[in-house]
Amino acid sequence: MKKDILMKELTDQEASIVLSVQNLTVLVNDSPLINNISFSIRGGEIFALVGESGSGKSLTSLAIMRLLPEALRVTSGTILLDQQDLFQMPEFQMQKVRGKQIAMIFQEPMTSLNPVMKVGEQVAEVLRVHLKLSGSNAKNKVISLFDEVGIPEAKTRYDWYPHQLSGGQKQRVMIAMALACEPDVLIADEPTTALDVTIQAQVLKLLKEIRDKRGLSILFITHDMAVVNEMADHVAVMKQGEIVEQAEKHEFFRNPQHPYTQKLLKDAIPSHSFKPEIDSKTLLQLTDLKVHFPIKKGLFQRTVGYVKAVDGVTLEIKKGQTLALVGESGSGKSTIGQAILKLVDSTSGSVCFSNIPKKGGEDQTENPLEQSIDLTHLTEKQMKPFRKKVQVIFQDPFSALNPRMTIDEIIREGMVSLHVGSGNKVDQDQRIEELLEQVGLLPEHKKRYPHEFSGGQRQRIGIARALAVEPELIICDEPTSALDVTVRAQVLSLLEDLQQKYQLSFLFITHDLSIIPAIAHQVAVMKEGKIVEQGSVEQVMHSPKHDYTKALLSSAPKIFSDFI
Amino acid sequence: MFAYILKRLLFAVPILIGVNVITFALFFMVNTPDDMARAQLGAKQTTPEMIQSWKVENGYDNPLFFNGDASGFGKIQETLFVQESLKLFVFDFGQSDSGRQISADIQERMGPSLAIALPTFVIGLVTNIALALLIVLFRGSRLDTITMMVAVAIMSISGLFYIIAGQVLFSKVWHWVPISGYTEGWEGVKFLILPILIGIFAGIGAGMRWYRSIFLEEMSKDYVRTAKAKGLSDIKVLFGHVLHNGMLPILTGVVVVIPTLFMGSLIMESFFGIPGLGSYTLDAINAQDFGIVKAMVFLGSVLYIIGLILTDISYTFFDPRVKLS
Amino acid sequence: MSFVWLWTDILVWTLVLVLIGAVRSIRRSEHVRKQWFHILKSPIAMSAAIILSVYLLFALLDSVHFQYTPSSTSSSSESSTVSVHDQGVLSLLDVILPHLRTQTERTYSAPFATHEYSSSLSYDESGSVFQVYRPLKFGGQHLTGKHSTLDDVMVKTAVPFLFSCVFIAIIFTIHLGWGFLQTRGNYIDYYENQPKPEDELPWGAAYLTLFLLVFLFSWFYYLSHFYHVLGTDKVGQDVLYQAIKSIRTGVLIGLLTTLVMLPLALILGISAGYFKGWVDDVIQYLYTTLNSIPGVLLIAAAVLMMQVIISNNSGWFGSTEERADLRLLFLIFILGLTSWTGLCRLLRAETLKISQVEYVTAAKSFGLSPFRIIQKHITPNLMHLVLIALVLDFSGLVLAEAVLSYVGVGVDPTTASWGNMINQARLEMAREPMVWWSLFSAFAFMFTLVLAANLFSDRVQTVLDPRRNN
């Protein structure tokens, strides 16, 4: 209570600096990861540290906690917490700072909690260590903390294990743990990145409430400009270990100074122009598609029920257009993609692919009478002609390419297997070089291995691999969600170019609403295996009918900038 | 839980039948009853009649897998394989070549085997884990490097060397303990100390390295970072969080061994003259007493399967995520 | 003189060919080559690799056998009276070390001894009986009494020392010259811009190890002309000779067992992990069943059965060498058949993981056959596990040989092996005074090999195991 009043007084008089980082430099093998950065955080302020992956923002937070991996060395700098230099403290004293004066929450709530310890105990441990609270005192305090962070039935949840809680609840436990000793500074390292958008909105709201109530300072680390806009009072942008720009939030969004910041903002702001709806022929028609996975139990593995991953979905993808399939994790959106590719067996319904002859009628091998073929009943051999028509791009650029194959081997594989183009190796090489150039890479890259490329480049290789067999439909399974925002914009515009050039259709599976206007003609919103709403982008995004769509749209953090 | 154990026991039946097929194939198809009869009756002139009567006497007169003479179900039942295997399932191992009941011998010899194997196992496990935790506390230091070098050296020396060197030093040169022998009760401790210590020492190199690598892997996980961020000291992180999580992979390798401790150690027991199952087996191998070897193979498999079930059950105690169903 | 190809000889040379093929393919792949340079960057791994190669060299020399008949003009009736040592199947190694093989004493003698280890009864001319330590037939018989053994050994050490210095100098010159030619060749631009990966290797440690090994073995070789450097055993055989001959058995068991086990583990492990369903069930059943039988007992049972077969069919084998070799081969097969389960399980688990990875999904969407997917996408990504398992198993198998020979189910008693040496020598420790050198030599030779293998495998694991790269 006293502290609250104190903090309020401080904010009133333009609060004093709580945490200040001065000239911090961190090296690994003599090359700098963090290069001479300085910033300071005032009492009761949310200070956002923004940057793309590898910019050093997470390392900065670990350096403040003095939890850097052993291979990294802090070569210069001071970190002052209430006028104490953290780097001058002996380790045992630093342990009294961690969790008590500075607390931290992490990106992955799934793995950040000890899986074999009750969540209540994990929070109580902090109280025991720092406040020397014992038994029931600690337990009562934990329960009240659980109440505060919005964990329902706090008393019973105390005895639960992490695997029994949902992702959002786990993150709430982490927050409770961080708040337990009423720290001065809370470091939140991408606290909502792993969460679904509706959960993210709740957690962000909670963090803000706590800040308002307790007046603590938050160092908020994120890559998401929209989240920054929602949360921050003060923003610092990091790039390659350096802070390129620092400003108060409104100033920052109104008038970004550094070209990098300008680019970052530009790429992050969703386009407001919607794609015109063009009427064209249907390429792929899903009718009442169901994919159920049996749950087996008991002595004889009886099927006791089904996981209804996809439960009666009807969709239509038109030639040369993009259908965005939106949904949160576990909604079954990726399973639809796999069912189209026949990587999982459909339980019922049909996936009908229309044979639209190419211009000039080259496609004489196909029977022109057979206009539409149901893929679900084809054998693998019968499926083969359709494999080249439907291709796929994946989310994780790191696992999408076989690390033991060179780029040309990767691209050539589909051409050889599906007999696309010439069987002559020289011609194939030429085609591979063409493809690489088309996706914005260099022909001489073809003899390299995937690990020599960055995430965005790998995603381009994945696109080239899909293009190699000249498909008509590409299933894009979250192709940009592992990419940084600037790279994301490039990959999206590449996809758009390719669409126009080759009249490609995309089934674009995503959880990210902000990119939909830039890419899609049609949207379908999916929840628990069912489509709850579909229609044109403008219709769904501007005047949603279904409650779930409305919730999704209102949960998504918004970004506004005068700068554009 | 009960249903689970029942299920696992049912699954064990085909495995044990498989074990029987393998042993049966090894012992009977290669060394047919005719060969056995010839070997037993001596190298003298043996007539087919003598062989036949020996086979009838010893119950080996049925065909191996399929009895065409019998009727109905007996076609399969009245065969050597089924009869020999079924006996094993009720732990009736028959007689050894020296005419003793194998089951009785086994019961008698389990005690001495356990007297060595159990302390070696328990003390060894505790020592290895304790040393590994200590080394993890000093990870990356010179102490860590040197200890690991010593551990590699320890595990590179043949176990036979430790036994022989131990016997020579402690028994022959220094006369601290008798060189071999066994008696029941506390009197017997003096015979057991040396083999137990040698057993522990021989396993320390490999054990310590294994546990260290498990704990180090745990140390790199996210929850350890969380624990450190809470302000816990290294020791508290290690004992409060890492130890419990590290126990999970350790359980897989360790619990399965516990039942097989009954089988004793072939080498230890024969060097130190302990009348346990290990030396029993070794003597049987040297005397080519197939009955005993077969019995021990079956017993070993049963114990191993029990070990597998125990492993699964132990997980329910250590890992809240695991529920048996 | 004609070559005799024992089964194990054929297998080991096949393995060498496979290894050469592997090295050639490694040279092509930049990635794998870098990994190997990375492995050898550690001085310990480099030294261990050199020690392992020297052991392998001995094993290979000992794996070229031929029927040796004395080239003398003596007629066949006379040849039967020629010393038994001069005929029969010999290996290249026997030809290199003829004196070790032929210079046998009557019974025990200590290292560098000039007289037998135990006294024996002797009669003098007057017929009275007394105990004497008889002089050896060969060991130390060149001594005239002017020098003590120690002085003589010190003086004679100079020869192998000089030899090793010259040897290393020659190797070094060749090494330098090769590098010189490389830089003066067409690659000059390439190398000026990029540092050679070879330059980062710990050549100092490599040369030191090589020098020590060359010195040790040339010292053994030179002095063995005058002494029994490691003594003689009960029947007067040179212990050094036995220890060196045992190298082949140890190395072969370590190498060839993996050759037997590898295809089983690979095929079954990958099939189980990739096809799942009933294939997985059958394979899991197979390895659980095999695993449930205690390893030593399964080996013992199989070897016992083999003995029965051999004794029932003694007509199959031409010579004792062939019989002993077949027994070694059989032991290798049994070890292979009992040891594939661990790797199989590992490969199954990893295949399960990899077949969920997106590049496999991509391959499926290209309509690749399961066989192609396994060949192109799964197997290459398992090779590091295979390699780690192989180097890890090697040392365990060498140690296992000793234990199995002790149990009586190891190699043939006539085959030279460390296990047999230990087995024969362990009772000698009970003698008063102890006869320790046989045991010591066996353990020392085995320890060196196993230690080198362990250190090397440790390094391989550190570099190749992604979990240990943090």
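Me: Which residue of chain B forms a salt bridge with C:Asp458, and how far apart are the closest N and O atoms?

Reply: A salt bridge is counted when a side-chain nitrogen of Lys or Arg lies within 4 Å of a carboxyl oxygen of Asp or Glu. Here C:Asp458 is paired with B:Arg209, the closest N and O atoms being 2.8 Å apart. The rule finds one salt bridge across the interface of chain C and chain B. This is a predicted model, in which local features need pLDDT of at least 70 and side-chain atom pairs count only at pLDDT 80 or more, while totals for chains, interfaces and linings use all residues. Residues are numbered from 1 along each chain as its sequence is written, chains are lettered from A and ligands numbered from 1 in the order in which they are written, and side-chain values use heavy atoms, with hydrogens and water left out.

Me: How many residues do chain C and chain B bring to their contact, and what area is buried?

Reply: Contact means heavy atoms within 4.5 Å. Buried area is the accessible area (1.4 Å probe) that two parts lose on being put together, summed over both. Chain C contributes 47 residues and chain B 43. About 3,800 Å² is buried between them, with carbon and sulfur atoms giving 77% of this area. On the side of chain C, the residues that lose the most area to chain B are C:Leu297, C:Met305 and C:Tyr406, together 16% of what that side buries.

Me: Which element of chain C gives the most to the side that touches chain B, and how do the residues of that side divide by class?

Reply: Elements are DSSP runs numbered from the N terminus: helices (H or I, at least four residues) and strands (E, at least two). For classes, Ala, Val, Leu, Ile, Met, Phe, Trp, Tyr, Cys and Pro count as nonpolar, Asp, Glu, Lys and Arg as charged, and the others, Gly among them, as polar. Across this interface there are six residue pairs in polar contact, both residues at pLDDT 80 or more; a polar contact is a pair of N or O atoms within 3.5 Å, where within protein one must be able to donate a hydrogen and the other to accept it, and residues adjacent in sequence count only if both atoms are side-chain atoms. Two or more residues of the side of chain C come from each of α11 (277–292), α12 (295–312), α16 (383–407) and α18 (437–464). The most comes from α12(C), with twelve residues. By class, that side holds 32 nonpolar, nine polar and six charged residues.

Me: Into which domains is chain A divided, and what separates their centres?

Reply: Domain bounds come from an automatic or database domain assignment. Chain A has domain 1 (2–268) and domain 2 (282–389 + 471–555). Their centres, taken over C-alpha atoms, are 38 Å apart.
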